[in-house]
Structures are given as C-alpha cells and as structure tokens.
Amino acid sequence: MNFDISHLLEQWDYQPGEVAVRKFKAKDGAEKIQLRVDLGLLQMNATGRPDGKRPFGHPSLLQHYQSKLAKYRKIHGGNDDGFTLKADDCARLQQEAIQYHHRYICLFQLEDYSGVIRDTERNLEVFRFVNEYAESDELAWSLQQFCPQLLMMRVRAKGTLALRDDKHEEALEVIENGLEEIRNFYRQHSRQDLAEQSGEIHSLESWLQEIRSKRPLSEREKLEHALDEAVRQEDYEKAAQVRDALRNLKTSR
C-alpha cells in the first residue's frame, strides 16, 4: 500500500488565505469533501457525521448523550435534575462540533447553502445541550463562545438562498433577525463589550447595507421617487398623476 499523497498535493496548489474545497464520489458511491490545507488534505463525508464513525452505535456523540439523557429521565420519572456533562463529555462534544464546523465552511464554499443550514443548526443544538447540562458555566462557555460565528454562517446561507430567488426583502429580514440574535447572545451572557468588537456583527451589517443599496425598488418606492422628482421640477401635472397612482396602489392592497 502506498501511503504517500504527494502526487495529490502537487496537483492541488495551496494558497494561504483561500478556502480550497472539492466534492467527489468515492468508490463506494458516497459523496466526500476534501479541504486543502497547508500540510495536506482533510477529507470528510458530505452527510452524516463527517468522519463516518458511529460513536457508541449512534450517528453522533450528540445523539449518544441525548440517549443517555432520555434513559436518565426514564429512571427518574421524567426528571433530569442531576444529569450533568463533565469536562470530558464537553470536550468530546466540542471536538465533534469542530468536525461539523469544518464541513459547513466547506459547504459554504461549494455553495451548498442547505447543507450549511443543516450543519449549523445541528451545532446550535449541541451548544444548547451543553449550555443546559454542563456542570459549570466555564465548561458551557467553552462551546458557547463560538455561537456568534455559527449564527453568522447560518444567516449567510439563509440570506444567500433568499437572494438567489430574488427575495430581497426576505434576505434583509434574515440578516436583521440574525444581527438581533447575535446581540441577544452577548446580552444574555453579559458580554456587551464583545458585541462592540464582533467581526460577525460588522460583517453582517456591511452585507445588510450592500443589499439595501442594490435592492430593486418596489412599485410604491418607484412612484414615491417619481413624485419627489416631479415636485422638485415643479411638474405639478405629473405629480398629480403619480399621487393618483399611489392612491390606486394603496386601495388595490
């Protein structure tokens, strides 16, 4: 068996700062994703757990711990008081979440935005689970601190899908809601100081302004602009016509 992958690396240049990704079908027909990094390649499954393993017979470690919680509740009459995730548990869940993080970054580059939404929402479920059951706030924060980046990627994916369908208003709403969700995160954790420095917030605010500036005008906005222009030019006959058109637009709705 030849373990040397030099020929693969030579055919795929690495450029620092760029995310180089490709998707292909393996010999067994399963879709795989490869990410080019400075020292080689990362390969992962396109669906399911990225490394293809089934920890403790479950599709993921998250589902393993969720199963443990369900059994605990069954034994304790539906009560989960006393169920905790220790440091090792949180570390394992974090390591698994990193796998999904690598994949949704790759999927975003591949423009598989539905896959990005799937994996980001999956990791958000991990964060919520750890936040609920970690035995200390410090352990919970070890994962929670990555929540803003995760929320930003989900917003980017949802917003891009909306723009693909020319749903500019929906995209704007997605971004505005995402910004509020990130700000709420910092407020809930009493870390407003981090919100002011948040690269995620600055990035989404810039994207919001960009979309607003390029958004096609609605029929109402076109008429309002035409009215302003007619008044500015003292073309009162045209201004009256535009006002009538605006009234008709309102009554038709």
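Author: Let us begin with helix packing. An axis is a line fitted to C-alpha atoms, for helices over the stretch in contact, and angles run from 0 to 180 degrees between N-to-C directions. Please bear in mind that this is a predicted model.

Reader: At roughly what angle do the axes of H4 and H5 cross?

Author: The axes of H4 and H5 cross at roughly 170° and come within 8 Å. Angles over 145 degrees count as roughly antiparallel, and H4 and H5 are therefore roughly antiparallel to each other.

Reader: Which residues in H4 and H5 meet?

Author: From H4, the residues are Val126, Phe127, Arg128, Val130 and Asn131; they meet Leu139, Ala140, Leu143 and Gln144 in H5. The residues of this contact divide into six nonpolar, two polar and one charged.

Reader: How does the span of H6 stand against the expected value?

Author: The expected span takes 1.5 Å a residue. Helix H6, residues 147-164, has 18 residues and reaches 26 Å from its first C-alpha to its last, close to the 26 Å expected.

Reader: Which residues of H6 are buried, and what covers them?

Author: In an α-helix there are 3.6 residues a turn, so residues three or four places apart point the same way. The buried residues of H6 include Cys147, Leu150, Leu151, Arg154 and Ala157. Their cover includes helices H3, H4, H5, H7 and H9.

Reader: Where do residues take a positive phi although they are not glycine?

Author: Most residues other than glycine have a negative phi. Ser190, in the loop between helix H7 and helix H8, has a positive phi of about 55°. Glu234, in the loop between helix H10 and helix H11, has a positive phi of about 60°. Just after H6, Asp166 likewise takes a positive phi of about 60°.

Reader: Are Ser190 and Glu234 buried or exposed?

Author: The cut-off for exposed is over 50% relative accessible area. Ser190 counts as exposed because its relative accessibility is 58%, and Glu234 counts as exposed because its value is 57%.

Reader: Is Asp89 buried or exposed, and which residues is it in contact with beyond its neighbours within four places in sequence?

Author: Buried means under 20% relative accessible area. Asp89, which is in helix H3, is buried because its relative accessible area is 13%. Leaving aside neighbours within four places in sequence, Asp89 is in contact with Tyr65 and Thr84. A polar atom of the Asp89 side chain also lies 2.9 Å from the backbone nitrogen of Lys86.

Note on methods:
Residues numbered from 1 in each chain as written. Predicted model: local features only at pLDDT ≥ 70, side-chain atom pairs only at ≥ 80, totals over all residues. Heavy atoms only, no water. Helix = DSSP H or I, 4+ residues; strand = E, 2+ residues; numbered from the N terminus. Buried < 20%, exposed > 50% of the residue type's maximum accessible area, 1.4 Å probe, protein only. Expected span 1.5 Å × (residues − 1). Contact = heavy atoms within 4.5 Å. Parallel < 35°, antiparallel > 145°, perpendicular 65-115°, else oblique. Nonpolar A, V, L, I, M, F, W, Y, C, P; charged D, E, K, R; others polar. Polar contact = N/O pair within 3.5 Å; in protein donor to acceptor, adjacent residues only side chain to side chain.
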